[in-house]
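User: I am new to this structure and would like to be taken through its strands, its core and its aromatic rings, one question at a time.

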Amino acid sequence: MKRKILISALILSIAGSGCTTSKSEWHSYSGDKTIEHKVDSVLSLMTLEEKIGQMTQFSSHGDITGPIVNEDIEPYLKKGLIGSIFNAVTVEGIRKLQEQALAESRLKIPVLFGYDVVHGFKTIFPIPLAESCSWDLYQIKKSAAIAAEEASAAGIAWTFAPMIDIVRDARWGRVMEGAGEDTYLGALIAEAKVKGFQGNHWKDLYNTNTILACAKHFCAYGAAESGRDYNTVDVSDRTLREVYFPPFKAAKDAGVATFMTAFNEISGIPCTASKYLFRDVLKDEWQFNGFVVTDYTAINELVPHGVAQDEEQAAELAVNAGVDMDMTGGVYLHNLKTLVEEGKVSENTIDNAVRRILEMKFILGLFDDPYRYLDEKREKETILKPEFLQAAREIGNRSIVLLKNNNQFFPITKDRQLTVALIGPMVKNRTSMNGEWSARGNKNESASLFDGLTEKYKNTNIKFLYAEGCDLKEPGTEGFAEAINIARKADIIIAAMGEDYNWSGEAASRSNIKLPGSQQKLLKELKKTGKPIGLVLMNGRPLDLSWEDKNIDAIMEAWYLGTMAGHSIADVIVGDYNPSAKLTMSFPRNAGQLPIYYNRKNTGRPLPEDNPKMDYRSSYLDVENSPLYPFGYGLSYTTFQYSKPSISSGILTKNGELKVSVTITNTGNYDGEEIVQLYIQDVTASVTRPIKELKGFQKLNIKKGESVTADFIIREKDLGFLRLDNTWGTEPGEYKVFVGNDSENVQELKFSLVE
Ligand code: BGC
């Protein structure tokens, strides 16, 4: 308390005395004059070393994702030379570090504590790729808000999320962290996540249950060649602006406080040294006034990238590119002073970076009270609240995609009398349920499928038998005999298979995306029993399921659903929740098709739909061009019939709008939810355009026997792209509209855009 008064008094006294530091280039994030004044007041007291300290972030001894930087942080912390620490994760631990930082340092500037709170903190939600399949922006915002509430109760004020990289290549392990392949949906999800973590307005950040968000990784990290993590990226400015930028622009517009650089290069320039990305686009064009942090040791990595001969030059490139904070590299800490003295970096550049960082600390109220987040009682009361667990279960329900369901294998209703063989390495697995980036989620306490099913079918005539059958990763057939034996005793088989959680995530690229180890082999043996098989998958990427699709009766993609995984899946298996999710990434027929995405270009030699075998066309000799399961695809236990869609006019004027309507009737036996999708194609333009682009969707609740009409409004501004002259806008001409239940199963309409 004493310390709090001291800091406030200090700031007030300086606030009145005016500030001499040049303010050019700095526009505050909040736009609040009082905060600006306070930022300047503190800045005017700081030495160059202290400023550089604010631009320095180190990891405490928590989770690490790169080389351990052999730096004892304590001496720097005590001198006030560390602006931020990440991976410190409890009130007790954070309090200790904050006390150290404030006890002896000259200006007693509070440290900002960050952490990777990606899909939950203690209560783990479905991985972001799974959650995106819900297309449910309300639920997505809610899961981020709960994650923020739990993390902030543990003393954390900043998350390195959302990850909003567009992902088109399932070999890349980090597809599990994103919202899939579509830019339009990705941008909406980015906005929902940012607002979930931070609140709707910067002033909400003062509340102790919100945290700063971080839009990462800027940019095009998901376009890594061959799907190999950290690999080279070479995309055009057109692709950047049309495909990769929009979710980041949406995050910026939603008020995201921070951005993170990406590890990759783009067309020869590593992102962390890219003036184009951080100064020209982010800070100048988009007027982003928060701050930029590097990814883990990304400045140091400019040396092996080959654009800096040593770390001093790397620091120069990064800071001049507009990168404000160095994550764990220690490169700013050890080099910026010399660079300023040598005139290679201006003090103004340093000041502007520091202002951005200090402003966030003011907005969070850390200068009012550096301990305001730290309350053991709140920490204890907040984590794993029953309503958080319930929310995780419900979002889990909405994330499960039913890929195939012959003879209505699912649902398995409670009124039946059945013996079910539960076979596979995922049946009792708890440790993989959370997936990667599961923060403080307790891997051993997440509900397995077995936990969920045994609880769900308690006191019914559904009986379960179990055999693991094989390992998740390692090949081996030792368990097959027992599994087949168990399967023979049952009426039906539920096979639960997938990927070990750390087979998808950072540094978890795969060249073969079939079920790992001997799992498919086991399925082949199970098939020989002649029993109906339902396959429940838990994994972090689209898999190659060509064999399974041909041979297995039903397939349910359950991803990694987090703490309540087993219960979420059991709700769907029994039919308490009718699946409604739709894929946000195409599932390829084999890895050779990758990258594969629905909003591709036509080429000069497209394959005619009525002649998929035509020679000298853009096609494969050994596999179809189309994915196995397209973007937007997913089944329900009920059936939906689409009417012929209508359009209010064949002409769209520049300031006008068109209405597209379609009526959907639930013709099956269950109430259900349907995600109706609207796509558009600009048929001829000055540059090539995708064959389809999602421009709208509606998630409708339709009771059995009932019909609901979905209306979509199309306006000129929805049709913009980067034209031949590099300006953003539209061109008059013919457009196609597609309405349907996935990106392939659509009905077509037309209109013309006129000047
Ligand atoms: C990842 C980032 C993450 C950071 C800190 C890096 O390896 O790429 O996404 O935020 O580590 O854990």
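Analyst: Two strands count as paired if DSSP finds at least two bridges between them. What follows concerns a predicted model.

User: How many bridges join strand β12 to β13, and which residue in β13 is the bridge partner of Ala421?

Analyst: Strand β12, which covers residues 418-423, runs parallel to β13, and six bridges join the two. Pairing asks for at least two bridges, so β12 and β13, with six, are paired. Within this pairing, the partner of Ala421 in β13 is Leu465.

User: How many disulfides does the structure hold?

Analyst: A disulfide is a covalent bond between the sulfur atoms of two cysteines. For Cys271, which is buried with a relative accessible area of 0%, the closest cysteine sulfur is that of Cys219, 6.9 Å away and therefore too far for a bond. The number of disulfides in the structure is zero.

User: Which residues touch the most other members of the largest nonpolar core?

Analyst: Nonpolar side chains in soluble globular proteins tend to be buried together. The largest nonpolar core here has 205 residues, and the ones that touch the most other members are Phe218, Phe410 and Ile573.

User: Which helix gives the most to this core?

Analyst: With eight residues, the helix that gives the most to this core spans residues 347-363 and is α14.

User: Is Phe218 buried or exposed, and how is its ring set against that of Phe278?

Analyst: Phe218 has a relative accessible area of 0%, so it is buried, and its contacts beyond four places in sequence include Phe245, Cys271 and Phe278. The two rings have their centres 5.6 Å apart and their planes at 75°, so the pair is edge-to-face. This pair links distant parts of the chain, 60 residues apart, with Phe218 in strand β5 (residues 214-218) and Phe278 in helix α10 (residues 275-285). In short, Phe218 is buried, and the arrangement of its ring with that of Phe278 is edge-to-face.

User: Which residues do ring pairs link into a cluster with Phe218?

Analyst: The count of aromatic pairs comes to 30. Ring pairs link Phe218 into a cluster with Phe245, Phe248, Phe259, Phe278, Trp286 and Phe288.

User: What kind of aromatic pair do Tyr598 and Phe631 form?

Analyst: Tyr598 and Phe631 are both buried, and both are in the loop between α21 (565-574) and β17 (640-642), 33 residues apart. Their rings lie 4.5 Å centre to centre with 15° between the planes. Planes under 30 degrees apart count as stacked, so the name for this pair is stacked.

Methods. Residues numbered from 1 in each chain as written. Predicted model: local features only at pLDDT ≥ 70, side-chain atom pairs only at ≥ 80, totals over all residues. Heavy atoms only, no water. Helix = DSSP H or I, 4+ residues; strand = E, 2+ residues; numbered from the N terminus. Disulfide = S-S within 2.5 Å. Buried < 20%, exposed > 50% of the residue type's maximum accessible area, 1.4 Å probe, protein only. Core = buried A, V, L, I, M, F, W, Y, C linked by side-chain atoms within 4.5 Å. Contact = heavy atoms within 4.5 Å. Phe/Tyr/Trp six-rings, centres within 6.5 Å; stacked < 30°, edge-to-face > 60°.
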